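Hi everyone, thanks for making time for this.

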Amino acid sequence: MAHREFKDRLYPEFARVAQALGSERRLELVDLLAQAPRRVEALAEETGMTVANVSQHLQVLKNARLVESERRGTSVTYRLASQGVVSLWLALRSVAEDRLPEIAKLRREFSADWEGVELPREDVQRLVQGGKAVLVDVRPAMEFEHGHVAGALSIPIEELEKRLKELPRNKRIVAYCRGAYCLFADEAVALLRKRGFDAVRLDGGWPEWVAEGRAVASD
C-alpha cells in the first residue's frame with residue numbers, strides 16, 4: 001500500500017498554506033485584503049513596509065494560492081483568492097484567542113473597556129430595521145464601496161467629528177470597522193459618547209459579518 005508515499009506528498013501541500021501564513025506581516029496583509037482589494041503601493045503605505053517587501057510577501061501568499069493579482073498597465077491589484085481565505089484567517093485568530101492569554105491582555109490594554117460597549121451582531125439588523133439604531137461604517141471609503149453591512153452609513157473615522165450633524169440624537173449609533181482588532185470603531189464610540197450620543201460598537205466587524213453570511217451591499 002502507498003499510504004506513506006501519499007502522506008509524504010500530501011502534508012507538504014498543507015504546509016505550503018501554513019508556511020505562507022507563518023509571518024505576522026503576511027497576516028496583516030491578509031487582514032487588510034479581507035476588507036477590499038488593494039494595490040501594492042496602498043498596502044505598503046498602510047503597513048509601513050517598503051513596496052519591495054510587500055511584493056515579496058504577496059508572492060509567498062500567491063504561491064500558496066491564497067491571493068490573486070490583476071495587472072492594469074504598471075499597476076498590480078491584489079485580492080484574497082476566496083472567502084475561504086477569510087474563514088481560515090478568522091479560524092486561526094479564534095484558536096489563538098482561545099489558547100494565548102496575551103491576546104486578551106493586549107485587547108484590554110489598547111481597546112475601550114466600557115461595559116456594554118459591544119452590540120452582538122444578531123441584534124443589529126433587528127434594531128436598524130426597527131428604526132432604533134443607525135449603523136455607521138468608519139472604515140476608509142474605498143473599503144465601504146467594495147462591500148459593507150446592508151443599511152450602513154459610510155463616515156470614515158477621520159471625517160466623523162465634522163459630520164456629527166448627520167447622525168440622529170434619538171437613536172443608538174452602532175459603529176463598526178475592520179474587525180474585532182480594529183481600533184477605528186473604539187475611537188468612533190469614544191468620540192460619539194463624548195459628544196453625548198448613545199453609541200456602541202458592533203461586536204466584531206466586516207469580516208465576521210461576511211463570514212456568517214449576513215446581509216451585505218456594495219456601491
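Let me start with a term: a residue is buried when its relative accessible area is under 20%, exposed when it is over 50%, and partly exposed in between, using a 1.4 Å probe and protein chains only. By that rule Cys-177, at 0% relative accessibility, counts as buried. Cys-182 is buried as well, with a relative accessible area of 9%. As for disulfides, meaning pairs of cysteine sulfur atoms within 2.5 Å, the structure holds zero.

A word on where this comes from. This is a predicted model, in which local features need pLDDT of at least 70 and side-chain atom pairs count only at pLDDT 80 or more, while totals for chains, interfaces and linings use all residues. Residues are numbered from 1 along each chain as its sequence is written, and side-chain values use heavy atoms, with hydrogens and water left out.

Now the overall picture. Helices (H or I, at least four residues) and strands (E, at least two) are DSSP runs numbered from the N terminus, and the protein chain has ten helices and ten strands. Its C-alpha atoms fill a box of roughly 70 × 45 × 30 Å along the principal axes. Of the 219 residues in the chain, 41% are buried. I'll call it a contact when heavy atoms are within 4.5 Å. Among contacts in the chain with a separation of 6 or more, 65% are between residues 24 or more positions apart.

Let's take the three-stranded sheet. Two strands pair if DSSP finds at least two bridges between them. In which order do the three strands of this open sheet run? The order is β1-β3-β2, with antiparallel pairing. β1 and β2 stand at the edges with a single partner strand each, so one side of each has no neighbour in the sheet.

On one side of β3 (residues 75–80), two bridges join it to β1 (residues 38–39), and there Arg-39 stands opposite Thr-77. Between β2 (residues 67–72) and β3 there are six bridges. Two pairs to click on are Val-67 with Leu-80 and Arg-71 with Val-76. The hairpin of β2 and β3 has two residues between the strands, and Gly-73 takes a positive phi near 65 degrees there.

Helix α4 (residues 51–63) lies across β2 and β3, running at about 120 degrees to β2. For angles like this, axes are lines fitted to C-alpha atoms, for helices over the stretch in contact, and the values run from 0 to 180 degrees between N-to-C directions. Is His-57 buried or exposed? It is buried, with a relative accessible area of 18%. Leaving aside residues up to four places away in sequence, His-57 touches Ser-23, Arg-25, Arg-26, Leu-29 and Met-49.

Next, a helix pair. Helix α2 (residues 24–33) packs with helix α3 (residues 40–47) at an angle of about 115 degrees, their axes 11 Å apart. On the α2 side the contact is made by Arg-25, Glu-28, Leu-29, Leu-32 and Leu-33, and on the α3 side by Leu-43, Glu-46 and Thr-47. Those contact residues divide into four nonpolar, one polar and three charged. Here Ala, Val, Leu, Ile, Met, Phe, Trp, Tyr, Cys and Pro count as nonpolar, Asp, Glu, Lys and Arg as charged, and the others, Gly among them, as polar.

On to the five-stranded sheet. This one is open too, in the order β4-β9-β8-β5-β7, with parallel pairing. At its edges stand β4 (118–119) and β7 (153–154), each with a single partner strand, so one side of each is left without a neighbour in the sheet. Helix α9 (residues 184–194) packs on this sheet, touching β8 and β9 (199–202), and its direction makes about 170 degrees with that of β9.

Finally, β5 (residues 133–137). It pairs in parallel with β8 (residues 172–176) over five bridges; among them, Ala-133 is partnered with Arg-172 and Leu-135 with Val-174. With β7, β5 pairs in parallel over two bridges, and Asp-137 stands opposite Ser-154. How many residues of β5 are buried? Five of its five. Ala-133, Leu-135 and Asp-137 are buried on one side, Val-134 and Val-136 on the other.
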